[in-house]
Amino acid sequence: MIRTKVCMLGSFAVGKTSLVRRFVHSLFGDRYLSTLGARVDKKSLVIDGTKIDLMLWDLAGKDDYQSVRPTHLRGASGCLLVMDSTREHSVDVALELHQLMLDTIDQVSFVVAINKCDLVDEWRLSDRQLEQLRALGGPIFRTSALTGDEVENAFAALARQILASKPPGEDGDPS
Amino acid sequence: MTRTDLPVVQLLERLDLALYESRDGRLLGDAPDWLTELAPEASKGSLEFDDDALPILGDFLGQARRFWQDGARGRLRSGPFVETDARGRGHALEATALRIDGRSLLLIERLGEDYELAVANLQTARENLLVQEELERIVARRTADLREREEELVYRLIRAANLRDNETGAHIRRIGLYSAALARALGWPAATVDDIRLASPMHDLGKVGIPDRILLKPGRLSEDEMAVMRGHTSLGAGILEDSRVPAVRMAAQIAAGHHEWWNGEGYPRGLAAEDIPECARIVAIVDVYDAMCHARSYKPAFPEDRVLDYLRERRARQFDPRLLDVFFERLPEMRRIRELHPDEGMDTAG
Ligand SMILES: Nc1nc2c(ncn2[C@@H]2O[C@H](COP(=O)(O)OP(=O)(O)OP(=O)(O)O)[C@@H](O)[C@H]2O)c(=O)[nH]1
Ligand SMILES: [Fe+2]
Ligand SMILES: [Fe+2]
Ligand SMILES: [Mg+2]
């Protein structure tokens, strides 16, 4: 069995907490309760016969006044890079955090989640921004924590990448 | 320093702190209730860290071990975090790693009300930021709408002014686009780039004041007629000057300066080099480029390489050499503008 640290990274109010809640507890809430600091939830997945325990670190989002603490990021083997399809600025923040992630962690997998895709009429991301996201080289998912669309797939893709990048036996005790 | 017999253990308790010593993996003094709720063995004075109990504290302890090993000075702080107890209740904590007298210590602090307060503040700040973002979005949209309306008005007025003239509507539009492209390449701020796109099409506005017998005269103009014709620059500037609107003020500079030469041999004032406003030096280049590349009723279109030779010959004579170099660098963009906005047959109406 493999146990691994995964961080939720993104601007504030993009839906990091909501994605974890949807994925782990199959719940969704309308109310915005911002996260301060870090909180961890656990979820197990089986990928191609291998059980993997994801320790999901839900971190406070970045805003103009505070960024993400590197202490919370260290030791992670994967990140879910989350942005809000209705807020252009959240993509710029995600790109900054992607850089912070590379600067802080040596070998790291990541998946891009463009969240709130249920709000089709409020889509605000430009083609140029999508191009920038594609250039990062990770898989991109259009998620909705509200409907649950693509949420499982995004986390599973991340788990798959983490497994692929880990030589067997490394990290976590083999069962 | 005098030794005191401070009741350290009680002090820790009162302050909602727990102190853990890394060497023997034990807590100093009794475990506070909140820690026992999070990790039951704490009641026996030991602390087990695994991912089921205290996963964040355990992760931080790993970083703290490296910190102690490196013999780093000062302290390492975890920042606030929330651990969940067996009953699903969250406890907000913050940990600090320190070395005192060679002992590696981890101070665990329960944040309690301070955390609630900080969350409330954060919440308010972020809700404000969201409102601010939304407002900025609305303003940006309104501004873009306004720009579009201004541009439409300008194009229609210019079309009216050009009714007697040979200029096509497409020429007018292209001049705006080339000028904006060149200004952008020169690093102008976005708002000023928008201004020149709006302003440059008005460069020949003064031609409305030129009598038909001169403006429409086939063949060469006499010296006197030429002098009248040259007056379109000052006439245009006169119509546009003293505006409160930046784009219109720029249009006045362009109307006045687009026939000035870099070497001072142009008109109407014989200004040279940097004395000619940059916006006018830009339009001087793109106006000649576009006019020569397209046919008019009185002349055919020249092939582009001839046009470029013509411009090159006049580098640092008629045209600002630095701007001309940038223009040449951006030729592909200029060509694309030409392709996307061709003259529509005979849209000259005159
Ligand atoms: N329509 C819609 N709303 C969503 C979605 N995901 C989150 N939200 C809403 O967006 C708001 C913010 O969600 P959170 O999950 O708290 O965002 P966060 O990224 O954790 O925010 P911070 O912790 O402050 O960084 C809440 O009001 C959610 O209900 C989604 O997929 N669709
Ligand atoms: Fe002119
Ligand atoms: Fe012209
Ligand atoms: Mg959150």
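His171(B) is buried, and His203(B) is buried too, where buried means under 20% relative accessible area, exposed means over 50%, and partly exposed is in between, with a 1.4 Å probe and protein chains only. This is a predicted model, in which local features need pLDDT of at least 70 and side-chain atom pairs count only at pLDDT 80 or more, while totals for chains, interfaces and linings use all residues. Residues are numbered from 1 along each chain as its sequence is written, chains are lettered from A and ligands numbered from 1 in the order in which they are written, and side-chain values use heavy atoms, with hydrogens and water left out.

Donors here are N, O and S atoms within 2.8 Å of the metal, or 3.2 Å for Na, K and Ca; water is not among the atoms, so sites may look incomplete. The histidine pair links distant parts of the chain: His171(B) sits in helix H5 (residues 169-185) of chain B, and His203(B) in the loop between helix H6 (190-199) and helix H7 (212-215), 32 residues apart. Helices (H or I, at least four residues) and strands (E, at least two) are DSSP runs numbered from the N terminus.

Next, the other iron. The iron ion (ligand 2) is 5.6 Å from the iron ion (ligand 3). Which two of them can we compare for burial? His258(B) is buried at 4% relative accessible area, whereas His259(B), at 22%, counts as partly exposed.

The magnesium ion (ligand 4) has Thr17(A) and Thr35(A) as protein donors, both through OG1, at 2.0 to 2.1 Å. Thr17(A) belongs to helix H1 of chain A and Thr35(A) to the loop between H1 and E2, so the pair ties together parts 18 residues apart in sequence. Thr17(A) is partly exposed at 31%; Thr35(A) is buried at 15%.

The loop between helix H1 (16-25) and strand E2 (38-47) of chain A also holds Ser26(A). Ser26(A) is not a glycine, yet its phi is positive, about 55 degrees. Ser26(A) counts as exposed, at 53% relative accessibility. Asp242(B) is another non-glycine residue with positive phi, near 60 degrees. Asp242(B) lies in the loop between helix H9 (232-240) and H10 of chain B, and is exposed at 73%.

One more backbone point. The peptide bond from Tyr267(B) to Pro268(B) is cis, with omega near 5 degrees. Pro268(B) is in the loop between helix H10 (246-257) and H11 of chain B.

Now helix H12 (residues 304-313) of chain B. Its buried residues include Glu304(B), Val307(B), Leu308(B) and Leu311(B). They are on the same side of H12(B) because they cover an arc of only 95 degrees around the axis, the arc being that of the directions from the helix axis to the C-beta atoms. Where do they pack? Against helix H11 (278-293), helix H13 (321-329) and helix H14 (331-340) of chain B, with contact meaning heavy atoms within 4.5 Å. The face turned away from the buried side carries the exposed residues Asp305(B), Arg306(B) and Glu313(B).

Last, the cores. A nonpolar core is a set of buried Ala, Val, Leu, Ile, Met, Phe, Trp, Tyr and Cys residues joined through side-chain atoms within 4.5 Å. The largest has 51 residues, and Leu9(A), Cys79(A), Leu47(B), Leu106(B) and Ile108(B) touch the most other members. Its largest share, seven residues, comes from helix H3 (residues 55-69) of chain B. Apart from that core lies another, of 47 residues, including Ile254(B), Cys293(B), Leu323(B) and Leu331(B).
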